[in-house]
Each structure stands twice: as C-alpha cells, then as structure tokens.
Amino acid sequence: MKTYIVGNWKMNLTVGESSIYLHKLLKRLKQARGLEVVVAPSLVAIQSLSLQVDRHKIKLAAQNFYHQDYGAYTGEVSISQLRTLVDYAIVGHSERRYIFKETDKDIRAKVAAAIRNGVTPILCIGETASERDFGETKDVLRDQLFGGLSDVSAEDLKKVIIAYEPVWAISSVKGARLASPDDIATSVDLIHKQLKARFGKEVEEQIPVLYGGSVNPSNAGAYLTIPGVNGLLIGGSSLIADHFVDIIDLAKRLRS
Ligand code: PGA
C-alpha cells in the first residue's frame, strides 16, 4: 500500500500565491515510489495549478464539490466539472460537517459522485471532544463511516480513502489538543475492524486509512508509524513549504 501525504490548504492562498507555492514544492520534490503526495488548493486555483503541476510528483484534490453532475445549482461546482483537473476529493471534512451542516446523506451522495466520476474520495470521519468525553467515539466513527460508504459497491470500496480526523485535534479548533499515538491507534484499529466486519478482509486491506489533526514535522514520524495508518492529512503545516517537504521526506525515509 502507498503512503499518502495530503495537504489541505483550506481557504488560504490566492491564485498567485498557490502557483508560487506549487512551484517551490515541485522544485524540491522528487518522484518517490510508493509515496503519493496530494495537495488540495482553493477551487479558484485548481485549474491553473492543474496545468502547472507535474502529476508524477504531486496530485491535486478538490476540497469540496456538489454531488449533482450538472444543472441549475447556482454557485456550485460539480465533480464532473473537476474530474479532469483533480485525482482526489476531500469529502466529509469536519469543517463541512459542522460549519456547513453537511449530513451523512450529503456526504454519501458526494462519495458516490466522486466515484462515478473517477475521482478518489478521501472520506473524513472523526469524533468531537464532547462525543469522545461521553464515550461515543466508536458509534460516531461507525455512523460516519457507513453513513458515507453505504451506497458504494464492494468493487468501488477499493477506490476510497478514509481519513481519521478527531475534531478536537484539528489545529484551528478552539482548545485543540494533540492526539497521542495511542489515541489514534485505538480509533484507527476500530475503523479497520468496522470495515472488515462490514465489507470483509479483502476489501478492508485495500482501503488506506490516513490520520489528520495538528500534524507537523516533529510528530509526523510518530503518527506515520502507528500500525494501520497509511498516511497523513495535513492542514496548517501543509501551508509552510519547509514543513510540508520535511514531512514528505520523513515519509520517504520511513518507507525505505
Ligand atoms: P490541521 O488540519 O493539520 O491544521 O490540524 C487538519 C485538517 O483539518 O484536515
């Protein structure tokens, strides 16, 4: 299985800044076997970056899209419009769930739309601090996992990536705390077990599970070596080229 290093730029960087940043990354990165580097820029920058990017080194992801392919949906962009520009799409990020009130039903429709359009969905799931405090982590993970995946065929499940992102560990969340490798190992193990119980071992073994939440160059090594973790989804640190490259280099070293 590949190791995935995904940078989520969120609503940061102008088109010009995005291009300068990508240029810097492309200069510093070499193609690495077994390593998949992905960046998710703002929608406005995706088209120009898709012309600039060397897809052997870096792939692009959409941060969001609408689940219908076309039609009278003023202001929306579909994944069928994005499919020639991106290889991946983030779906169900906690900011979409909690700020924009996306439900599991919306998320399920987006997962299906991405797959229908040949784009790999990165389905984010994770409990909030209070859900964790109330001992609801297992149920939340199960509901979000199957809430997002229940319309996906067994064959297509192999095209899905899961990202475990405890909301309480996301750097921009008020009072965010660092997740310990043990915390993450427990939840990631739960995710693998739930996938296995529902879809079987063969499918479960092909679904990468990433970790995201306050990842930086000093903790990335510990997170990447947690059993069952196949990569990282990085917000804040992905905006600092030196940090992002350091994490990629670390992932490369850990694979070799
Ligand atoms: P963070 O963001 O790395 O800044 O915590 C992660 C995310 O929200 O995907």
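**Figure 1. Arg-97 and Asp-104 form a salt bridge, their closest N and O atoms being 2.9 Å apart.** A salt bridge here is a side-chain nitrogen of Lys or Arg within 4 Å of a carboxyl oxygen of Asp or Glu. Side chains of opposite charge can pair when their charged atoms come close. Arg-97 counts as buried at 8% relative accessibility, whereas Asp-104 is partly exposed at 25%. Buried means under 20% relative accessible area, exposed means over 50%, and partly exposed lies in between (1.4 Å probe, protein chains only). The model is predicted: local features need pLDDT of at least 70, side-chain atom pairs count only at pLDDT 80 or more, and totals for chains, interfaces and linings use all residues. Residues are numbered from 1 along each chain as its sequence is written, and side-chain values use heavy atoms, with hydrogens and water left out.

**Figure 2. A salt bridge joins the side chains of Arg-116 and Asp-69 (3.1 Å, N to O).** This pair links distant parts of the chain, 47 residues apart. Arg-116 lies in helix H5 (residues 104-116), while Asp-69 lies in the loop between strand E3 (59-62) and helix H3 (79-82). Helices (H or I, at least four residues) and strands (E, at least two) are DSSP runs, numbered from the N terminus. Arg-116 is partly exposed, with a relative accessible area of 47%.

**Figure 3. Within helix H12 (residues 241-255), Asp-249 and Lys-252 are separated by about one helical turn.** The two residues form a salt bridge, with the closest N and O atoms 3.7 Å apart. Asp-249 is partly exposed at 26% relative accessibility, and Lys-252 is partly exposed with a relative accessible area of 26%.

**Figure 4. A network of salt bridges links Lys-2, Glu-36 and Lys-59.** In the whole structure, a search finds 20 salt bridges. Glu-36, in strand E2, stands opposite Tyr-4.

**Figure 5. Strand E1 (residues 3-8) is mostly covered, with 6 of its 6 residues buried.** Thr-3, Ile-5 and Gly-7 are buried on one side, and Tyr-4, Val-6 and Asn-8 are buried on the other. Two strands pair if DSSP finds at least two bridges between them. E1 runs parallel to strand E2 (residues 35-40), joined by 6 bridges. E1 also pairs in the parallel sense with strand E8 (residues 231-234), over 4 bridges. In this second pairing, Val-6 stands opposite Leu-233.
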